[in-house]
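I'm going to look up a few residues and write down what turns up.

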Amino acid sequence: MRIAWRGKVSPAPKSLNPIPIKDRMKLPHQAMLEQSPLLRATNFKEVNLGYSEDLARAEAQRCLECAKPVCIDDCPVGVKVKEFVQLIVAGQYLAAAAKIREDNVLPAITGRVCPQEDHCEGGCLMGKKVQPLGIGYLERFVADYEQLHMDRTTIRRAPPTGKKVAIVGSGPSGLTAAGDLVQKGHEVRVFEALHELGGVLVYGIPEFRLPKQIIREQIDYMRAMGVEFETNVVVGKTITIDELIEEEGYDAVFIGTGAGAPQFMGIPGEHLNGVYSANEFLTRINLMHAYEFPRFDEPMLDFRGKNVAVVGGGNTALDAIRSALRLGAGKAFVIYRRSEAEMPARKEEVKHAKEEGIEFHMLTNPIEFLSDGRGWLTGVRCMRMQLGEPDASGRRRPVPIEGSQFEIPLTVAVMAIGTSANPLIQSTTPGLVTNKRNYIEADPETQRTSRKGVFAGGDIVTGSATVILAMGAGRRAAKSIHEYLTVGAW
Ligand SMILES: Cc1cc2nc3c(=O)[nH]c(=O)nc-3n(C[C@H](O)[C@H](O)[C@H](O)COP(=O)(O)OP(=O)(O)OC[C@H]3O[C@@H](n4cnc5c(N)ncnc54)[C@H](O)[C@@H]3O)c2cc1C
C-alpha cells in the first residue's frame, strides 16, 4: 500500500554533483558491507555494517535529481530525498541529517527497517532500468554520522505554547507525533505500558536488524528536544483517557497503542508446549534478553540442535526464525502458504535469511501440530498448496492440494500469522468508536477519532502495517492536533 505525503516540499539547492546526469545510470550501485552469513548466523550483532563516507558519496552521486521526484511523493512522511542526497554529495552530512529530520524524527530506524522497495526506492526512476538509488542506506549513513558527530546542545526548543499533549504508546506512531508536536512548542508526555520505550522496535525487531542502542539514541535525541517519557503506565488501567483529559489537564491525546495481541490458526495441537506466538517468542528474546543467556536467565525451551519452524511470511516470521537459528536451532524452517512473490517481508530480510541457511517450505500450510501424548510438541502435519484466483487482498488465494499431506518433526513452532488489537483502551473510553475488529476508527487525513481532542494512528487504526506508515499517521495526527490546539474547533 502506498500513502503519499501531501505536504509542502521546499525547492532543492543547486546540485554539486560533478557527474553529468546522462552518465549516472552507468554508475554501479554501492552494496553495503555486511557480516558474512556463516558468522552472523551465530551472533545477534547487526547484519548490515553501514556505508563509509566514500561509499555513501559514490551512491549519492547516482541520484538523477529528477525535476518531479516520485521518491518524495511515495514516502509516507515526505522525506526530501533529493535535497538530503545532494547534501551528501556535497559532503555536508550533518546538514543532510537535519534535512531528513524536518520530516522524519527516527532516521536511524527507518534507514534500517523501512520497506524502501514499497516507497521511495519503489518510485525511483533508476529502478526502471538498473538498481534504484540506495535511499535507505543513505538515510542510515547520515543518521549514524549525526549520532557520532552532532553536538546535542545545539538542539533548539520551540517557545512554549502552554498546551499539553499526552501520547499513549511509544512505538513509531507515538514517537513521531511526539517529535513533531514538541517542535511546535507543545508540552508532550509519552505514556508507555512496558518498561522500555520503542514499541515493536524494541520488543519485536531483533538486535541483529535494529540494535537497541540505536533506538535509545533516537529517544535520547527526542528527550533533548523536550519530549518527556513515562514507562510502566498502562493507559486504561493505571489511568484512563478521560482522567488524562479531565484530571491531568491534557488538551489533546494521541493513541498509538499498536496491534500487539497474537493470533492463532485454530488448528489442533496449537495449545501444546513448544508452540509459541511470535509476540511471546520475540519478546522473551528481545525485551527480556534471552539472547544474552547466561547474563539474563530468561526461560525459553532449549531447542539447541533441534528443529524449529515459524508459520508465516512477514518480517515477524523471519525475525523469529532467524533468532531461533542464532539461538542454536539445528534446522530452521519457514512454513508459508503462498509463494515467495506474495511474502510481505522486506526483500533484504528474505535474502539474508536464505544466505543464513533458513529453509523455506513455500505453498505449505500446517493443518495439525503433533504431540508426544504428554502435552509436548513433536511435529507438524502440513498440506501442499497451489495458488488460485486473487482474494480480497489482491494476492492469489492458496488452495490445498488433495492428498498432499506430509509431516515435519519439530521441537518448537512459532506462529507469526498476524496480530490483532488489544481492547483495553477501547473498552475504558466511552464514546470511542471502533470497527468490528476492534480497531479504533480515525479519519485517514486528520487521525481524529469520535472523541473530541482524541486522535489515533498506526497499527491500532490500520491493523499491523509498517514502521513508516505508523510514522506517517503520527505526522498527520501531529499536524491536526496542532491545528486543533491553535484554532480550538473540532
Ligand atoms: C517482529 C516484527 C518485525 C517487524 N519488522 C518490520 C520491518 O522490518 N519494517 C517495518 O516497516 N515494519 C515492521 N514491523 C511492523 C512495525 O513494527 C509496526 O507496524 C509498527 O511498529 C507499528 O507502530 P505503532 O506505533 O502503531 O505501534 P507499536 O510499535 O506496536 O507500539 C505501540 C506501543 O504502545 C504500547 N501500548 C499498548 N497499549 C498501551 C496502553 N494501554 N498504555 C500504554 N502503552 C500501551 C505498547 O507497549 C507499545 O510500546 C514489524 C513488526 C513486528 C511485530
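I started with Arg322, which sits in helix α15 (residues 315-326). Helices here are DSSP runs of H or I with at least four residues, strands are E runs of at least two, and both are numbered from the N terminus.

Before going on, a note on what I'm looking at: this is a predicted model, where local features need pLDDT of at least 70, side-chain atom pairs count only at pLDDT 80 or more, and totals for chains, interfaces and linings use all residues. Residues are numbered from 1 along each chain as its sequence is written, and side-chain values use heavy atoms, with hydrogens and water left out.

Is Arg322 buried or exposed? Arg322 is buried, at a relative accessible area of 0%. (Buried means under 20% relative accessible area, exposed over 50%, and partly exposed in between, with a 1.4 Å probe and protein chains only.) Leaving out residues up to four places away in sequence, I found Arg322 touching Val47, Phe208, Arg209, Glu349, His352, Ala353, Glu356 and Ile358. Contact means heavy atoms within 4.5 Å.

**Salt bridges**

Side chains of opposite charge can pair when their charged atoms come close. I looked up how many salt bridges the structure holds, and the count is 39. (A salt bridge is a side-chain nitrogen of Lys or Arg within 4 Å of a carboxyl oxygen of Asp or Glu.)

One of them joins the side chains of Asp319 and Arg209, at 2.7 Å from N to O. This pair links distant parts of the chain, since Asp319 is in helix α15 and Arg209 is in the loop between α11 (200-203) and α12 (212-225), 110 residues apart. Asp319 is buried at 3%, and Arg209 counts as buried at 8%.

Next I checked Glu407 and Arg381, whose closest N and O atoms are 2.8 Å apart in a salt bridge. Glu407 is in strand β15 (residues 406-409) and Arg381 in strand β13 (residues 377-390), so the pair ties together parts 26 residues apart in sequence. Glu407 is partly exposed at 47%, and Arg381 is partly exposed at 23%. I also noted a network of salt bridges with shared partners, whose members include Arg209, Asp319, Arg322, Glu349 and Glu356.

**Glu139, without a salt bridge**

Glu139 is in helix α9 (residues 135-149). Glu139 is buried yet has no salt bridge, and the nearest side chain of opposite charge, Arg112, is 8.8 Å away. (Lys and Arg count as positive, Asp and Glu as negative; His and the chain ends are not counted.) What does the side chain of Glu139 make a polar contact with? I found the side chain of Asn104, at 3.2 Å. (A polar contact is a pair of N or O atoms within 3.5 Å; within protein, one must be able to donate a hydrogen and the other to accept it, and residues adjacent in sequence count only if both atoms are side-chain atoms.)

Met471 is in helix α19 (residues 467-487) and is buried at 0%. Met471 and Pro172 are 299 residues apart in sequence, but their C-alpha atoms are 5.4 Å apart in space. Pro172 is one of the buried residues of α10. In helix α10 (residues 172-182), 11 of the 11 residues are buried, so the helix is largely enclosed by the rest of the structure.

**Whole protein**

Last, I zoomed out: the protein has 19 helices and 18 strands, and buried residues make up 55% of its 490 residues.

Conventions
Lys, Arg positive; Asp, Glu negative; His and termini not counted.
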